[in-house]
Amino acid sequence: MRRALGTVAVLGALALTAFGVGRFWLLSSLPPPGGREPVAGLGDSVTVLLDSLAVPHVLAASDVDVYAALGYVHARDRLFQMELLRHAALGRLSELFGARTLETDRDLRALEMGAIARARAAGMSAESRAAAEVYARGVNAWIARDSRPLELRILGHAPEPWEPEHSLAIGVLQAWDLHFGGDELDLAEVAARLGPERARELIPSFPDSLPIIVTAGWRGRVPRPASPVPAGSNSWVIAGSRTASGKPILANDPHLVLRAPSLWYLAGLHAPGLDVVGVSIPGVPAIVLGHTARVAWGFTNAMVDDADYVLEELSPDSSRYRTTDGWAPVEVVAETIRVRGAEPVVYTRRRTIHGPIVDVDPRPDSVHAVV
């Protein structure tokens with residue numbers, strides 16, 4: 001009996017020790033709830049206050065320090081999400097999740113989001129580049145603390161330094177998330193079978209005579225269009241004279257997929273010449289939707305044709321494609337995907353002058369390039 005009690009006591013002590021160690025390990029991954037934190041690269045002290053809804057407000061003496069502090073709090077609260085977004089945009093998810101995401105990485109790399117982001121970074125204005133660089137400096141100040149969130153600790157992944165092009169890559173990823181061109185290939189096939197006139201019946205247009213947004217004081221009825229129209233987007237505003245608070249209300253639907261955690265990160269940025277509150281995207285140094293003391297704005301998806309596919313005719317050996325000037329060689333791009341827990345995967349993808357080849361047409365002599 002005494003021996004059994006001793007065994008139970010030992011097991012209980014081990015369980016308590018494991019609980020204590022686990023609790024300490026989990027708590028060590030959480031950001032500090034308050035106090036002073038030294039952050040390299042700031043020009044002056046910055047204050048971050050949480051309002052009654054736990055929304056952080058950054059108060060700084062310059063907009064440079066504001067964006068650096070935004071990068072710091074973004075990384076402090078959403079570093080795993082930021083890592084996930086930039087790895088997705090660059091086709092590097094397999095570095096986090098292993099071979100299960102190899103095909104996803106191949107599909108994402110075919111879209112060349114990283115190259116688009118680098119090109120945009122090269123063409124940034126001086127003001128935008130300065131904001132992106134100091135934002136990256138703030139992100140890297142948090143990364144340097146090695147206070148990795150639980151998800152990254154479980155994966156055994158240490159984030160690399162943040163670069164301005166990573167912020168742009170996340171923007172490109174969101175643009176692709178909202179792109180509108182998936183029906184184009186199906187409609188092209190219908191046009192090939194039925195002819196352009198009959199295919200046009202499946203693509204009703206919004207009559208030019210209809211209002212886009214009803215103007216103030218407009219009391220007429222919107223006429224019924226002659227043909228059905230696709231589902232549109234929406235936005236609305238209520239004047240302060242019609243609300244209980246006396247303040248106006250602006251609402252809009254960005255058409256983004258619901259996620260956990262949310263894509264949005266609420267924040268307020270306050271500095272001389274800058275006073276804005278709204279939602280940001282972790283990884284991006286901007287308030288995307290929000291308001292100042294006098295102006296509020298929103299965005300929504302316009303459902304425009306923003307992705308085109310070019311049907312490329314291939315030579316019998318698939319090494320060339322037909323152009324108006326004759327045959328041109330298909331460009332071959334070498335890719336290496338690093339895979340967590342396995343050897344890197346080396347493969348090649350193809351592109352034409354129009355863009356990367358993203359799929360193979362059912363016919364063996366043609367492929368699609370996305371523009």
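This briefing covers salt bridges, a pocket and the nonpolar cores of the structure above. The model is predicted, so local features are considered only at pLDDT of at least 70 and side-chain atom pairs only at pLDDT 80 or more, while totals for chains, interfaces and linings use all residues. Residues are numbered from 1 along each chain as its sequence is written, and side-chain values use heavy atoms, with hydrogens and water left out. Helices (H or I, at least four residues) and strands (E, at least two) are DSSP runs numbered from the N terminus.

**Salt bridges**

- The structure holds 17 salt bridges, each being a side-chain nitrogen of Lys or Arg within 4 Å of a carboxyl oxygen of Asp or Glu.
- In one of them R92 pairs with E160, with the closest N and O atoms 2.7 Å apart; because R92 lies in the loop between α2 (63-89) and α3 (94-97) and E160 in the loop between α7 (150-155) and α8 (164-177), the pair ties together parts that are 68 residues apart in sequence.
- R92 is buried at a relative accessible area of 13%, whereas E160 is partly exposed at 28%; here buried means under 20% relative accessible area, exposed over 50%, and partly exposed in between (1.4 Å probe, protein chains only).
- Not counting residues up to four places away in sequence, R92 touches H87, D105, R109, E160 and R338, where contact means heavy atoms within 4.5 Å.

- R351 and E112 form a salt bridge at 2.8 Å, N to O; since R351 lies in strand β13 (residues 345-352) and E112 in the loop between α4 (102-110) and α5 (113-122), the pair ties together parts that are 239 residues apart in sequence.
- Both R351 and E112 are buried.
- R351 also meets E331 in a salt bridge, at 3.8 Å from N to O; E331 lies in strand β12 (residues 331-337) and R351 in strand β13, so this pair ties together parts that are 20 residues apart in sequence.
- E331 is partly exposed, with 41% relative accessibility.
- Through salt bridges that share partners, R109, E112, E331, E335, R349 and R351 are joined into one network.

**The second largest pocket**

- The second largest pocket has a volume of about 780 Å³; on a 1 Å grid over the protein atoms alone, a pocket is an open set of points with protein on both sides within 12 Å along at least five of seven lines, and its lining residues have an atom within 4 Å of a point. Grid points are joined across faces, edges and corners, and the volume is the space filled by probe spheres set on the points.
- This pocket is lined by 32 residues, and I281, V284, A286, V288 and F299 lie nearest its centre.
- Two or more lining residues come from each of α2, α6 (126-143) and α8, and α8 gives the largest share, 7 residues.

**Nonpolar cores**

- The largest nonpolar core has 51 residues, and V66, M113, V139, W162, L269 and L274 have the most contacts inside it; such a core is a set of buried Ala, Val, Leu, Ile, Met, Phe, Trp, Tyr and Cys residues joined through side-chain atoms within 4.5 Å.
- At least two residues of this core come from each of α2, α5, α6, α7, α8, β5 (265-271) and β6 (274-280), and α2 gives the most, with 14 residues.
- V66 touches V58, A60, L269, H270, A271 and L274, leaving aside residues up to four places away in sequence.
- A second, separate core of 6 residues includes Y321, A328, V330 and V367.

Technical notes:
1 Å grid on protein atoms, 1.4 Å probe; cavity = no way out; pocket = protein on both sides within 12 Å on 5 of 7 lines; lining within 4 Å.
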